[in-house]
Amino acid sequence: MPTFDIVSKIDMQEVSNAVSNSMKEISQRYDFKGSNSKIDLKEKNIILETEDELKAKQVNEILLGHFVKRNIDPTVLKLKNSEKASGNTIRQTYDLMEGIDQVASKKIISEVKSTKMKVQVKIQGNELRVSGAKRDDLQKTMDIVKNIKLEMPIQFVNLRD
């Protein structure tokens, strides 16, 4: 029976490269000369520290630009909190969203079930396993899932006959 998995994964090496390239660009840009702006990657968090809201927005745009250049979907970044830090600076913490949460899983399952195709969708942790009798049904299921507006990037892996 053909199967495939629906996942939401991030290549952490590419994220690390995007953060370091962003820091390099910030250190070389004229409008950031003398400013105290930096980006740190800690496990599944990105911590952005800068002087004011305008610079924070600019640093965020630089980071998102490098995410796009590295083929990382920018929707994996979610702002966790923004707070005042020491020395008149602003610290913003971003979470890297990985895995399909329960709400998105249920949305995908209900959309697939509403089509009345002969496929089964099972939740396996933070992944979904789709199985069906025909490969064509699985490909139609992929198209349906691609058209669902989710707040996270999704990938299709482990296609087996």
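Strands E1 and E7 pair in the antiparallel sense, joined by four bridges. Two strands count as paired if DSSP finds at least two bridges between them, and strands (E, at least two residues) and helices (H or I, at least four residues) are DSSP runs numbered from the N terminus. What you are looking at is a predicted model, in which local features need pLDDT of at least 70 and side-chain atom pairs count only at pLDDT 80 or more, while totals for chains, interfaces and linings use all residues. Residues are numbered from 1 along each chain as its sequence is written, and side-chain values use heavy atoms, with hydrogens and water left out.

E1, which covers residues 3-7, is also joined to E8 by four bridges, and these two strands run antiparallel. Along this pairing, Thr 3 has Arg 160 of E8 as its bridge partner, and Val 7 stands opposite Gln 155.

Now step back to the whole sheet. Its four strands form an open sheet in the order E6-E7-E1-E8, with antiparallel pairing. E6 (119-124) and E8 (155-160) stand at the edges with a single partner strand each, so one side of each has no neighbour in the sheet. On average, neighbouring strands are turned by 20° against each other, direction ignored; axes are lines fitted to C-alpha atoms, for helices over the stretch in contact, and angles run from 0 to 180 degrees between N-to-C directions.

Two helices join the picture. Helix H3 (residues 102-114) packs on the sheet and touches E1, E6 and E7 (127-132), its direction making about 175° with that of E6. Contact here means heavy atoms within 4.5 Å. Helix H4 (residues 135-147) packs on the sheet too, touching E1, E6, E7 and E8, and its direction makes about 175° with that of E8.

How many residues of E1 are buried? Five of its five are, where buried means under 20% relative accessible area, exposed over 50% and partly exposed in between (1.4 Å probe, protein chains only). Thr 3, Asp 5 and Val 7 point one way from the strand, and Phe 4 and Ile 6 point the other way.

Finally, find the one aromatic pair of the structure. The ring centres of Phe 4 and Phe 156 lie 5.7 Å apart with planes at 75°, so the pair is edge-to-face. Rings of Phe, Tyr and Trp (its six-membered ring) pair if their centres lie within 6.5 Å; planes under 30 degrees apart count as stacked, over 60 as edge-to-face and the rest as tilted. Phe 4 in E1 and Phe 156 in E8 are 152 residues apart. Phe 4 is buried at 0% relative accessibility, whereas Phe 156, at 24%, is partly exposed.
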